[in-house]
Amino acid sequence: MFTLFKVRNNNQLLFISFLILFTLFNLFSAATMGIHYDEAYYWLYSRSLSWGYFDHPPMIAWLIFVGTKIFDSALGVRLLIVIISSLSILNLWIIVKPYGENALLFWSIIFSVMIIHPYSFIATPDAPLFFFTTLFFVLYRKYLDNDNFINVFSLALVSSLLFYSKYQGVLIPFFVVLTNLKLLRKWSFWLCIFITALLMVPHLLWQINHNFASLQYHLIDSHKAPFDPMLLVEYVFSQLLIAGPWLGWLFFMVLVMFRADYRYEKALKWSAIGIFVFFFITTFGGDFEADWTYVAVVPLVAVSYVFLIKKEKWHKWLYRSALANVGLLLIAKVIVITPFAGSLPVLKMYYGWDTDAEILKTHTAYYPVVFQDTWNKAARFAWYTRDAGVSNLNSGQYRKNQFDIWQNHENMKGETVFVLTLDSLQFTDATRVETPKEVWYMKKIDNFRSYYRLTFSIEEQQFNQNQVQFTVKIDNPYDSDIEFDKSSLPLTFGIYDRRPGRWFMLEEIDMANFHIEAEHSKTVSLSFS
């Protein structure tokens, strides 16, 4: 009895000790590493709280909002990410403890899966998605044991928070239900669905009010590419690295070999397999990002622990893998506080941008700034200058983003504004500004006016041997007339050819003395030879 008590307490002490170390590591990294452009972009989200954003649901904005109320620094941006990441590990421990307590084995698996560690302090939607996935599996077990109202409501709440974190959060409940179709016969399951749907209404209304911008982007516009068989190979190797780098193959082998005899184990196994297979299939229709499957790491870790706790002869390899990764992590922690950090390819995106921002701010004489086709650099400039009013305008060849919804440029009408672009051909007369990171082309515009919300649609098109003819409909949503003439703002229509890395203008037509009434449409015929 005393031996059992001692072993159990040793496991608890070891788990807590490593959890404290894990948290301190993440706090150190959160405070010392520069801000990634994605984090700066999400920080801008937090300056304008909403029920949705162009790229993602709002959870990351809410977390950053709270954190920066405590610290107005990189640590503040990442503070709640660090906290919920530690809670995620605690939830994982709660998930696997019923199968046996071996804290050393558990932490060996955690340290072997390297992707867990950067996403435990970098402020992206992946961290809350990971956290609510762990909480979902904790609550799902309680629901299977007792489907009372408290457990139903808790599971519904966490399911909605999964969706509010990142859209692929829907895959977890989906594959869990597929492993237990008897749920469809239970009133408590449908009550859970109803409560989840009710909690998602604010985000649904946001999507309706913004013409389902997020769904349009993720399902249609994003990552479109012709099928390439090499993408399938790249996907497989990227997932092995995500689960590794040393023992990724082992964890996937365990996932396949694991015999799931009960509903809960089936949910763990098949949700992981389902997510990996789902994103494998998506590579047939376009490219992918390796971290899309990060949510599957939760059931992958759980299944690996449950299987490997009974395979003592394999434990030494896990200990060695963990020790190697801890060594790499410690080296990385030291490097990030040295002057050499910014020169390393894997870290240079985190360093030196504060200097660039200060140089640009000085050259623009602290006037309002509009970036072109660089939402990421606009966001980073906004963070380092603490100027949430920065805007970004997209050309026809650049993807839409949250700046299209904010439309900060509308507030700059009539002001003196500096427009910055990386395209040397954008302006005929521009000031060249070289920073340590980039070469910018800058133009000062007095009495700034933007007609960015004009929309163009092709009504008809004809292709002859030597001529291309278009009929284009132009909609003016503004409450004032728009008029262009050569003495004010020249207007041209151009036809472009897409070549590697750049769009090339083939022909341009002068549209002098163009006029369109407020809230009206106009159709023009264009002919290109």
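Rings of Phe, Tyr and Trp (its six-membered ring) count as a pair if their centres lie within 6.5 Å; planes under 30 degrees apart are stacked, over 60 edge-to-face, and the rest tilted. By that rule, a search of the whole structure finds 45 aromatic pairs. This is a predicted model, where local features need pLDDT of at least 70 and side-chain atom pairs count only at pLDDT 80 or more, while totals for chains, interfaces and linings use all residues. Residues are numbered from 1 along each chain as its sequence is written, and side-chain values use heavy atoms, with hydrogens and water left out.

**Aromatic rings**

- A pair of aromatic rings is described by the distance of the centres and the angle of the planes.
- F307 and W314 form a tilted pair, at 6.1 Å centre to centre and 40° between the planes.
- F307 is buried (under 20% relative accessible area; exposed is over 50%, partly exposed in between; 1.4 Å probe, protein chains only), with a value of 12%.
- W314 is partly exposed, at 21% relative accessibility.
- Ring pairs also link a cluster made of F15, F18, F22, W93, F106, W107, F111 and Y305.

**Helix α16**

- Helices are DSSP runs (H or I, at least four residues), numbered from the N terminus.
- α16 covers residues 315-335, 21 residues in all.
- The expected span is 1.5 Å times one less than the number of residues. For α16 this gives 30 Å, and the end C-alpha atoms are 30 Å apart, which agrees.
- Its buried residues are H315, L318, S321, A322, N325, L329 and K333.
- The face turned away from the buried side carries the exposed residues R320 and L323.
- L330 also sits in α16. Its relative accessible area is 40%, so L330 is partly exposed.
- L330 and F280 are 50 residues apart in sequence and 33 Å apart in space, C-alpha to C-alpha.

**Nonpolar surface patch**

- F194, L198, V201, L204, L205, I208, F212, L215, L219 and I220 make a nonpolar surface patch of about 920 Å².
- The elements giving two or more residues to this patch are α9 (187-199), α10 (201-209) and α11 (213-221).
- α10 gives the most, with four residues.
- L219 belongs to α11 and is exposed, at 67% relative accessibility.
- Patch residues have over 30% relative accessible area and no salt bridge; nonpolar side chains (Val, Leu, Ile, Met, Phe, Trp, Tyr) are joined within 5 Å, like charges within 9 Å.
- A salt bridge is a side-chain nitrogen of Lys or Arg within 4 Å of a carboxyl oxygen of Asp or Glu.
- Areas come from the Shrake-Rupley method with a 1.4 Å probe; for residues, only the protein chains shown count as cover.
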